[in-house]
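Dear colleague,

I am passing on the structure below, together with some notes on what turned up in it.

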Amino acid sequence: MATLINDEQNINFTIDFLKRIKDTIIINDESETFIPFILKLVTPEKMYNTDKFVMSVREIKYLIENLNHVLHVSHQEDYTFDYYNSEALFEMIVSFLSEDLLIEIMIWINIGALTNGDKYGYDEGYRFIVDLDTFEKFVIQLERESK
């Protein structure tokens, strides 16, 4: 499972694919073939955890490609990548902060999707910082587990 732990060691974000792309039969195309995954966000106050989320194969490839791009941007410019799942389950905003060589992560989770509609109409989210090495390990693990 691909995990990000912030610099203060009190926020833990995980994406864990329950199936690999190579083990999936592509039905019509990659945008119509879905892979289930566990999304987990643990903070000092709350834990968000679900295995009911899915991403299309195309979305997984797009996410990984753009997270890799964050790793390779010029270290002299700020850069932001915003990923919003087509099923409106979660949003991940990744910003490279060139001045400090750090990565700012914002995770927004759709509460309606998380609670099967018991609560709805809003997202909850957190912003935290990780170092470049931690982020790179996350991207490598995400890529490895998806293939």
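Phenylalanine 90 is found in strand β6, which covers residues 90-97; strands here are DSSP runs of E with at least two residues, helices are runs of H or I with at least four, and both are numbered from the N terminus. This is a predicted model, in which local features need pLDDT of at least 70 and side-chain atom pairs count only at pLDDT 80 or more, while totals for chains, interfaces and linings use all residues. Residues are numbered from 1 along each chain as its sequence is written, and side-chain values use heavy atoms, with hydrogens and water left out.

Leaving aside neighbours within four places in sequence, phenylalanine 90 is in contact (heavy atoms within 4.5 Å) with Ile15, Phe37, Leu39, Met55, Tyr83, Tyr84, Asn85, Trp108 and Ile109. One of these, tryptophan 108, is 18 residues away in sequence, and the two C-alpha atoms are 5.5 Å apart in space.

Two residues deserve a check of their backbone. Most residues other than glycine have a negative phi. Asparagine 116, in the loop between α2 (111-114) and β8 (123-131), has a positive phi of about 55° and counts as exposed, at 57% relative accessibility.

Now to the helices. Helix α1 (residues 57-72) has 16 residues and reaches 23 Å from its first C-alpha to its last, close to the 22 Å expected (1.5 Å times one less than the number of residues). Its buried residues include Ile60, Leu63, Ile64 and Leu67. α1 and helix α3 (residues 132-146) pack at an angle of about 155° with their axes 10 Å apart, the axes being lines fitted to C-alpha atoms over the stretch in contact and the angles running from 0 to 180 degrees between N-to-C directions. The two helices are therefore roughly antiparallel to each other (over 145 degrees). Among the residues that make the contact are Leu63 and Leu67 of α1 and Phe135, Phe138 and Leu142 of α3.

Best regards

Note on methods:
Buried < 20%, exposed > 50% of the residue type's maximum accessible area, 1.4 Å probe, protein only. Parallel < 35°, antiparallel > 145°, perpendicular 65-115°, else oblique.
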